[in-house]
Amino acid sequence: MNKLIFNEMLKIIRKRKLIVVVAIMVVLISLFTYAQFREVQRQIEKLGDVDWRTTLQQQIVDTQNRLTSSGISDEWKAQLQIRVQQQQYYLDNNINPAEPGAPTFVRSFAQESITLFVPLLIMIIAADIVSSERSAGTVKLLLTRPVKRWKILLSKYIALLLSISIIVVLMGVLAYLISGVVFGFGGWNAPVLTGFTSIGGELNTSNVQLIDQWQYILMEFGLVWFVAIVVGTLSFMLSVLLKSTSASMGVMLAALIAGLILSNLVSSWQSAKYLFMINLDLTGYIAGSSPPVPGMTLLFSIGVLSIWAVGALLISFSVFVRQDVY
Amino acid sequence: MTEITLSIKGLRKKIGKREIIKGLDFELKSGEVFGFLGPNGAGKTTTIRMLVGLIRPTAGSIQVCGYDVKKNFVKAMSHLGCIVENPELYPYLTGLENLQHFSRMIPNFDSNHLEYVIKLVRLQDRINDPVKTYSLGMRQRLGIAQALLGKPKVLILDEPTNGLDPMGIREMREFIRFLAEKEGLTVLVSSHLLSEIQLMCDRVAVISKGKVIKVDTVKNLLHFQEQLVWKVSPVEEGKKLLQTVTTVKLDKENRLVTPLSDKSSSWNHMLVEHGIEVHEIQRKVPALEDLFLELTGGESVE
Ligand SMILES: Nc1ncnc2c1ncn2[C@@H]1O[C@H](COP(=O)(O)OP(=O)(O)OP(=O)(O)O)[C@@H](O)[C@H]1O
Ligand SMILES: [Mg+2]
């Protein structure tokens with residue numbers, strides 16, 4: 001089995017899939033770092049002050065102004081209200097929610113990338129892992145060895161899990177190193193609040209805890225890793241079912257984007273919460289933003305995603321083992 | 001010592017509603033090259049896919065060295081090597097990496113065998129180049145090397161000379177004969193060219209529309225097949241005259257066709273004596289269509 005996994009990793013690396021993924025990460029992280037840097041500059045210019053309290057106060061005022069304007073949807077309004085209350089809570093407790101430094105950048109980057117960026121990177125590898133063998137015809141050689149078919153598929157799946165883990169870790173490391181050059185590398189022990197919940201548009205702070213930033217980041221990356229595995233498993237299934245890599249990429253991409261759009265629309269459509277793409281924003285729960293459908297919790301989302309992943313695995317294996325290969 | 005290495009019984013395959021393979025039975029022995037001859041669409045590739053476990057037969061059984069492909073897949077596959085249609089290898093890996101890749105899938109693989117196989121197909125010089133830089137002939141050879149990695153008893157090659165130049169075809173032919181005679185392998189070769197099968201096979205199964213029409217040695221099959229073509233004038237008179245000594249048919253170009261015989265010179269003599277002009281006598285290279293016409297009794301080839 002180890003030899004089979006070695007084979008699959010060799011193919012992923014020699015096809016330069018991992019390098020492409022790393023290159024995309026470097027470019028985008030640099031881009032975001034620069035954008036963040038410009039934002040900080042703008043604040044300093046505007047307020048002539050670098051004290052975070054002034055900045056935060058200004059942000060709260062800005063958001064409240066937006067809330068009074070008409071023409072924003074109810075869902076968005078609720079989100080903003082929650083955010084204002086959170087910011088006020090930080091201010092009242094004299095804790096800086098955005099301590100400057102690379103760890104803070106890593107934290108917000110992980111939070112923003114979980115619903116689209118990470119799934120996209122994972123798809124580059126997962127969508128291609130079985131279908132490329134079929135479209136290139138090499139699957140005929142692979143399946144005529146003295147090895148059972150399920151073992152071949154399992155080795156591919158394990159290689160995928162390995163690649164996903166490598167990508168998630170690299171993302172953290174790259175985000176830290178690149179942003180650290182601009183913002184400095186310190187700030188691991190900055191205090192962060194977690195445990196906000198929202199009930200009916202009101203912020204509930206009864207469970208709020210103060211933890212170190214590194215703990216928070218660790219939790220976040222655990223969740224990113226979990227989402228990456230679920231998305232990877234679903235793409236893997238599509239890769240088994242569809243002969244062409246671009247078709248499986250297309251289907252997955254459509255689902256992810258539909259998820260982003262739906263998340264802002266479905267607060268009144270209860271059963272939408274069973275769709276996997278509505279449940280991807282796991283980091284939102286620990287940051288305390290309001291869920292797409294009221295009543296969804298972190299555990300609920302993890303449960304839904306797990307069921308989707310297990311279903312996808314069952315389908316992948318039962319189809320692959322029986323399928324006629326032409 | 002000849003043992004049966006591949007045995008096929010009542011093999012059938014339905015795809016959708018269409019039955020593509022309608023019951024095949026044959027047995028191959030060690031050390032023989034067995035031709036699998038049929039026109040395009042006869043079902044050669046489909047049969048081979050079933051033999052190597054890529055698709056499931058609707059009915060029937062396949063045994064490789066006594067192991068059932070369905071029930072004992074791993075054992076059966078460890079005695080079998082194959083190329084199905086084109087030899088598709090990983091273009092972004094080198095030849096050596098491709099072979100190493102597949103050798104890792106063989107239990108207890110002996111790495112000395114890798115070098116032996118590379119030498120056997122004479123790829124030593126280019127083995128460290130990426131496969132995407134290989135010519136078709138080199139890919140075919142690498143494909144064969146890959147098929148031989150597991151020291152198989154049965155080698156299955158689907159149209160191995162497809163796309164090769166005459167020199168390459170000859171080399172491939174000699175190589176296949178070598179594997180059967182010196183290494184004692186059973187080699188199943190599919191082709192739609194009679195001339196090719198004739199030159200390298202011991203026995204042949206002729207298939208058409210998913211059925212075996214005939215299984216016989218190449219010698220027997222070709223015996224009643226070789227013919228003489230006569231271009232004479234006047235045609236009618238010549239035909240009448242030849243009919244007194246042998247069977248004569250008239251072909252499309254108004255020529256006379258008779259079986260090959262050692263008496264042909266006396267027939268010629270007879271024609272000339274009766275004042276019939278003989279412009280041309282030709283020994284006819286047997287063509288697949290003619291063989292089919294004979295075997296199927298005039299039923300046309302699809
Ligand atoms: N996946 C498929 N679905 C439906 N029909 C198929 C499929 N594959 C092959 N066939 C049909 O099966 C028949 C036999 O095809 P096969 O490829 O086995 O022929 P072949 O003898 O290998 O021909 P060739 O000399 O052209 O390679 C053909 O009529 C073909 O149309
Ligand atoms: Mg074919």
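A salt bridge, as the term is used in these legends, is a side-chain nitrogen of Lys or Arg lying within 4 Å of a carboxyl oxygen of Asp or Glu. The model shown is predicted.

View 1. The side chains of Arg177(B) and Glu181(B) meet in a salt bridge, with an N to O distance of 2.8 Å. Because these residues stand four positions apart in helix H6 of chain B, about one helical turn separates Arg177(B) from Glu181(B). A salt bridge also joins Glu174(B) to Arg170(B), at 3.4 Å from N to O, and this pair likewise lies in helix H6 (residues 166-183) of chain B, four residues and about one turn of the helix apart. Glu174(B) counts as partly exposed, at 46% relative accessibility, and Arg170(B) is also classed as partly exposed, at 45%.

View 2. Over all chains the structure holds 20 salt bridges, and one of them links the side chains of Lys156(A) and Glu133(A), whose N to O distance is 3.0 Å. Through salt bridges that share partners, Glu8(A), Lys11(A), Glu133(A) and Lys156(A) are joined into one network.

**View 3. The contact between chain A and chain B.** Chain A contributes 29 residues to the contact and chain B contributes 28 residues. Between them the two chains bury about 2900 Å², of which 60% is on carbon and sulfur atoms. Of the area that chain A buries against chain B, 23% is supplied by Lys140(A), Arg145(A) and Pro146(A), more than by any other three residues. Lys140(A) also forms a salt bridge with Glu88(B), in which the closest N and O atoms are 2.9 Å apart. Three salt bridges are counted between chain A and chain B, together with 16 residue pairs in polar contact, where both residues have pLDDT 80 or more. Several helices of chain A, including H7 (131-136), H8 (139-142) and H9 (149-183), each supply at least two residues of the side that touches chain B, but H1(A) gives the most, with seven residues. By class, this side of chain A has 13 nonpolar, five polar and 11 charged residues.

**View 4. The surroundings of Ser113(A).** Ser113(A) is found in helix H5 (residues 102-113) of chain A. With a relative accessible area of 3%, Ser113(A) falls under the 20% limit and therefore counts as buried. Its side chain reaches the backbone oxygen of Phe109(A) at 2.9 Å. Beyond the neighbours within four places in sequence, Ser113(A) is in contact with Val118(A), Pro119(A) and Met171(A).

**View 5. The nonpolar cores.** The largest nonpolar core has 171 residues, among which Met25(A), Leu148(B), Ile156(B) and Val187(B) touch the most other members. Helix H10 (residues 213-241) of chain A provides the largest share of this core, 15 residues. Around Ile156(B), and leaving aside its neighbours within four places in sequence, the contacts include Ile48(B), Leu51(B), Val52(B), Leu80(B), Ile83(B) and Leu188(B). Another core of 12 residues lies apart from the largest one, and its members include Leu228(B), Trp230(B), Val232(B) and Leu271(B). In soluble globular proteins, nonpolar side chains tend to be buried together.

Conventions:
Residues are numbered from 1 along each chain as its sequence is written. Chains are lettered from A and ligands numbered from 1 in the order in which they are written. This is a predicted model: local features need pLDDT of at least 70, side-chain atom pairs count only at pLDDT 80 or more; totals for chains, interfaces and linings use all residues. Side-chain values use heavy atoms; hydrogens and water are left out. A nonpolar core is a set of buried Ala, Val, Leu, Ile, Met, Phe, Trp, Tyr and Cys residues joined through side-chain atoms within 4.5 Å. Buried means under 20% relative accessible area, exposed over 50%, partly exposed in between (1.4 Å probe, protein chains only). Contact means heavy atoms within 4.5 Å. Buried area is the accessible area (1.4 Å probe) that two parts lose on being put together, summed over both. A polar contact is a pair of N or O atoms within 3.5 Å; within protein, one must be able to donate a hydrogen and the other to accept it, and residues adjacent in sequence count only if both atoms are side-chain atoms. Ala, Val, Leu, Ile, Met, Phe, Trp, Tyr, Cys and Pro count as nonpolar, Asp, Glu, Lys and Arg as charged, and the others, Gly among them, as polar.
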